[in-house]
Amino acid sequence: MARSEAPVVGVLALQGDVVEHVRAFARAGATVVEVRTPADLARVDALVVPGGESTTVIRLLDRFGLTQPVRSRVAAGMPFWGTCMGMIVAAHDVAELAQPTLDLLDVTVRRNAFGRQVDSAEVPLAIPVLGAEPFPAVFIRAPWIERTGPGVETLARRDGRGVMVRQRNVLGTSFHPELTGDDRVHDYFLGMVRAARPAAASA
Amino acid sequence: MNGQSQTGTDTVKRGLAQMLKGGVIMDVVTPEQAKIAEEAGAVAVMALERIPADIRADGGVARMSHPALIERIMQAVSIPVMAKVRIGHIGEARQLQALGVDYIDESEVLTPADDMYHLEKAPFTVPFVCGARDLGEALRRIAEGAAMIRSKGEAGSGNIVEAVRHMRAIRDGIATLAAVPREELVARARDLGAPLELVRDVATNHKLPVVLFCAGGVSTPADAALMMELGAEGIFVGSGIFKSTGPAAFARAIVDATTHWQDADVVLRAHTSIPEDAKAMPGLDIRQLHESQLLATRGN
């Protein structure tokens, strides 16, 4: 595990919009590394799973031996954030699809819930934990949260559906803050990382 | 309360291509093939009646596929589904947008409907991908509204040489713009036949403003790794999967090689995982093709 002063944020780099997250975290002042192997994972204080295709990435996690290490680290308190695909991968289950997941977040997600690509949209979203200014949320073939378990807090909704949730050290967003240039969600996640770090480092 | 939502913006159209980065998009002609592709880890499929190798062999006019076939493929998989229209064919493009496909490929693989002009793609809500042989061609397509670019290569040939040529040409064009003094950019834009604002954007950012994939000739895991090395952000495999004699094995191996292209051990293991008796698609020597048999020269 990393012992340097600044927390090291890992971005899962098997597939998806990896570099957009790397740039956003670099702007926000974090040290960022790309994670492709269990050895990479061992060096980070937090893990972000970017946007991409969930069916692809869940298979690649398994093929390259990352499924169990990610589960163990998150269970031990490592902060985790999934954007869109990343939230689907983290969910307990996927509505109407027998799709395997990592089960890090006690929610049921529905894939492509806001429609196919022609329905993808930019939406000024109210997110009270980020302040009064609406967040420029980019939804691309986006999922919504259909069920939340006990201990899951819904931080934002679109059309009455949960699109940003948190359960202790696990954050999920249906949308893509990494595509916007507005780094408030990245800052919020870095706050979770800093808060978790002493406990994780002594574990 | 949330504000008004906006569909069809550059951000959401280019954004879907950003989500596909590092992945493999596979040509499929049936829902069963689409499922094999999804199972192997494809990030999207291209729904077609005939793959390029067969279009090439059959000759005649190649048009948009039957919408019922595309729709069955859309119902079979949860990953994005793309489909092709003829260059300049607004009638086919409007049909595919109405059908709700996730991306339209305005493609030289089909017989062009317009031998002078490509579609004005910006007004569509659905995003478009287009082929390019060099930087000027890529920037002209982006100026028309393409939200993703792929090198053209030579579709259905099983020969990587044209894809390499086109990817190098695009990359060299970008490197040149990044290196020359600013006062040269107006003349460079004139020589490229591309809008000055896009030329300035490339000179500043050292990359295209949209995602760049490779297409046209990938048929082995090593081909995919080669194209990623040359700067592709992902791979289209047309005939290379289902013209091989072991589609599931080739599909999975090409996905693994694309994900871990920097790690030769993984690419080697991916190739080794393909049974020895499963053959890659047959290839064509581009130099022995007649000018009229080349697909990449369609569109400009």
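Predicted model: local features only at pLDDT ≥ 70, side-chain atom pairs only at ≥ 80, totals over all residues.
After H1(A) comes A:Gly29, with a positive phi near 90°. As for reach along the chain, A:Val19 and A:Ala76 are 57 residues apart in sequence, and their C-alpha atoms are separated by 27 Å.

Next along chain A is helix H2, residues 38–42, which is where A:Asp40 sits. A:Asp40 has a relative accessibility of 14%, so it counts as buried under the 20% cut-off. Once neighbours within four places in sequence are set aside, the contacts of A:Asp40 are with A:Glu34 and A:Val35.

Helix H3 of chain A (residues 54–63) is mostly covered, with seven of its 10 residues buried. Those buried residues are A:Ser54, A:Thr55, A:Thr56, A:Val57, A:Ile58, A:Leu60 and A:Leu61. What do they pack against? On the chain A side, the partners are strand E1 (8–12), helix H4 (67–75) and helix H5 (85–90). Chain B joins in too, through H2 and helix H12 (247–259). Just past the end of H3(A), A:Gly65 adopts a positive phi of about 70°.

Positive phi values also turn up in residues other than glycine. One of these is A:Cys84, where phi is near 60°. A:Cys84 is placed in the loop that runs between strand E4 (80–83) and H5 of chain A, and with a relative accessible area of 5% it is buried. Another is A:Arg141, with phi near 45°. This arginine is in the loop between E8 and strand E9 (144–148) of chain A, and it too counts as buried, at 6% relative accessibility.

Now for the aromatics. Over all chains, the structure holds nine aromatic pairs. In one of them, the ring centres of A:Phe139 and A:Phe175 are 5.6 Å apart and the planes meet at 55°, so the pair is tilted. A:Phe139 is part of strand E8 (residues 135–139) of chain A, while A:Phe175 is in the loop between strand E12 (170–173) and helix H6 (184–202) of chain A, so the pair ties together parts that lie 36 residues apart in sequence.

Back in chain A, ring pairs join A:Phe114, A:Phe135, A:Phe139, A:Trp144 and A:Phe175 into a cluster. The charged end of A:Arg158 sits over the ring of A:Phe114, at 4.2 Å from the ring centre. A:Arg158 also lies over the face of A:Phe139, with 4.6 Å to the centre of that ring.

Two packed helices are described by the angle between their axes and the distance between the axes. For helix H2 (residues 31–40) and helix H4 (residues 67–76) of chain B, the angle is about 35° and the axes are 9 Å apart. The crossing of H2(B) and H4(B) is right-handed. Which residues make the contact? From H2(B) they are B:Pro31, B:Ala34, B:Lys35 and B:Glu38, and from H4(B) they are B:Arg72, B:Ile73 and B:Ala76. By type, the residues of this contact are four nonpolar and three charged, with no polar ones.

Notes:
Residues numbered from 1 in each chain as written. Chains lettered and ligands numbered in written order. Heavy atoms only, no water. Axes fitted to C-alpha atoms, helices over the stretch in contact; angles between N-to-C directions. Helix = DSSP H or I, 4+ residues; strand = E, 2+ residues; numbered from the N terminus. Left-handed = near helix turned anticlockwise from the far one by under 90°. Contact = heavy atoms within 4.5 Å. Nonpolar A, V, L, I, M, F, W, Y, C, P; charged D, E, K, R; others polar. Phe/Tyr/Trp six-rings, centres within 6.5 Å; stacked < 30°, edge-to-face > 60°. Lys NZ or Arg CZ within 6 Å of the ring centre and 35° of its normal. Buried < 20%, exposed > 50% of the residue type's maximum accessible area, 1.4 Å probe, protein only.
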